[in-house]
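Here is a guided walk through one structure, meant to be read with the model open beside you. Take your time and turn the view as you go.

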Amino acid sequence: MITHMRSPGWSERDPSAVRIGVLVPLSPPGWVEAGRHLLAGLELAADEVNDGGGIAGRPLVLLVRDTAADPRRAAAAVDELARLGVTTLAGEYHSVVARSAAARADALGLPFLCSSAVLDALIYRPTDRVARLCPAQSHSWRIYTDFLLDAGHRRIAVAAQSSVYWAAGTRILRDRLAPHGGSVTELDMSVLDPTAVCEELVRRRATALLLLTGHPEPAVSLVRAVRRGQRLADVLVGAPAGQPELPSWAALLGGDGAGVPFLRYLPEHLGALGTRVEANLRERLDEAPSFVAFEGYDTITVLAEVLRAQGTDRARIGTSWPRVAVEGTRGEIRFSRTPGVGVWQWAWPPVQVVDRDPAEPERFRVLRSG
């Protein structure tokens, strides 16, 4: 068990402590780098809550569990955390894992604020117990598809692995492109290697290849193969799920990883709170924080406000989402009911299509905002 509580003079064993269960991917095959950024944001906000007096004088403690991108492991962690008396559940990056956690939390009557998982169908039936900070996949991926259309791309290929998340993304792309005469060709990464993908791109005259795959592999190998394909110089490589956001992308690919548009959930300019939090996260991470770290910070900011207003009764917390109005790092956070989304949703966080500047891969260029 990983616990978190750093404020001097308080003990994490204090029986008065307010406990929040945290789910994050901290080991493979989970995206460990994303999990580390998410946890940094969660922990920074918890430290600030405790430095400011806790929750009505009670220390805030995070009980952290590593999901390792495993839905069954996440469900088991929810059971354990519920037995340990957490008031709420927070976190998770991987959509399929968050869906498993949300279903189990709902069944146990445990409120869950999901930080960073975008799958529209986060839960199979409407519930008051689950809320979400990040945008639904259908919202942000439509913005991404509009970017492709405006850039003149109509013949899109997707290099896809088997996943509910990737399949949902492919449907969103196809539905958005079809009215504009566009098409989506699916390239199955369970049977194709990067060389075969390049041949298919040439054969189908695709103008863009989207990486609906895991990171680092096979995404990194696909980028390298396309960049070295003499017949593919004009093919755009994109990664809507945000793989190029984190520093390991640039470290592995260098200049080859630039010019790959992806989605991130930040405003074009941070306000005073966001600027302060960015500096603190940078110091904590020893690198530039990703949007995932801001999602973590905002999660605890919201939950602390809810706990101050509602106390620690799970039922009261679970019915409080529509009354939330909290200033986060990326704007005011409010929750509402959104068609097709069964949880309380912040509609919407800022959405950007961004890439790394080919002239300076450490610098991001905003290509579209939505």
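Which residue in S8 is the bridge partner of Ala 157? The partner of Ala 157 is Thr 185. Please keep in mind that this is a predicted model.

Leaving aside neighbours within four places in sequence, Pro 194 is in contact with Ser 221, Leu 222 and Ala 225. The C-alpha atoms of Pro 194 and Ala 251 are separated by 20 Å, and these two residues are 57 apart along the chain.

**The antiparallel sheet and the hairpin**

Another open sheet has 3 strands in the order S11-S16-S17, and here the pairing is antiparallel. Its edges are strand S11 (262-264) and strand S17 (360-369); each has a single partner strand, so one side of each is left without a neighbour in the sheet. The twist in this sheet averages 45° from one strand to the next. Strand S16 (residues 352-357) pairs with S17 over 6 bridges in the antiparallel sense, and Asp 355 has Arg 365 in S17 as its bridge partner. Helix H4 (residues 137-150) packs on the sheet and touches S11, S16 and S17, its direction making about 95° with that of S17.

Elsewhere, strand S14 (residues 335-338) and strand S15 (residues 341-346) pair in the antiparallel sense over 3 bridges. Ser 336 stands opposite Gln 345 in S15. S14 and S15 form a hairpin with 2 residues between them, and Gly 340 in the turn has a positive phi of about 85°.

How do the helices meet each other? The axes of H4 and H5 come within 9 Å and cross at roughly 50°, so H4 and H5 are oblique to each other. Their crossing is right-handed. Residues making the contact include Trp 141, Arg 142 and Leu 149 of H4, along with Trp 166, Ile 172 and Leu 173 of H5. The contact residues of H4 with H5 divide into 8 nonpolar, 4 polar and 3 charged.

The axes of helix H9 (residues 272-285) and helix H10 (residues 291-310) come within 11 Å and cross at roughly 115°. H9 and H10 are therefore roughly perpendicular to each other, and H9 passes H10 in a right-handed crossing. Among the residues in contact are Leu 273, Val 277 and Leu 281 of H9, with Ala 293, Phe 294 and Tyr 297 of H10. The contact of H9 with H10 divides into 7 nonpolar, 1 polar and 2 charged residues.

**Backbone details worth a look**

| Cis peptide bond | Omega |
|---|---|
| Pro 28 to Pro 29 | about 5° |
| Glu 217 to Pro 218 | near 5° |

Pro 29 is found in the loop between strand S2 (18-24) and helix H1 (32-51), and Pro 218 sits in the loop between S9 and H7.

Next come some positive phi values. Glu 92 is a residue other than glycine, and its phi is near 75°. Glu 92 is placed in the loop between strand S4 (88-91) and helix H3 (95-108). Is Glu 92 buried or exposed? Its relative accessibility is 0%, so Glu 92 counts as buried.

Asp 286 is not a glycine either, yet has a positive phi of about 60°. Asp 286 lies in the loop between H9 and H10, and counts as exposed because its relative accessibility is 70%.

Technical notes:
Residues numbered from 1 in each chain as written. Predicted model: local features only at pLDDT ≥ 70, side-chain atom pairs only at ≥ 80, totals over all residues. Heavy atoms only, no water. Axes fitted to C-alpha atoms, helices over the stretch in contact; angles between N-to-C directions. Helix = DSSP H or I, 4+ residues; strand = E, 2+ residues; numbered from the N terminus. Parallel < 35°, antiparallel > 145°, perpendicular 65-115°, else oblique. Left-handed = near helix turned anticlockwise from the far one by under 90°. Contact = heavy atoms within 4.5 Å. Nonpolar A, V, L, I, M, F, W, Y, C, P; charged D, E, K, R; others polar. Pairing = 2+ DSSP bridges. Buried < 20%, exposed > 50% of the residue type's maximum accessible area, 1.4 Å probe, protein only.
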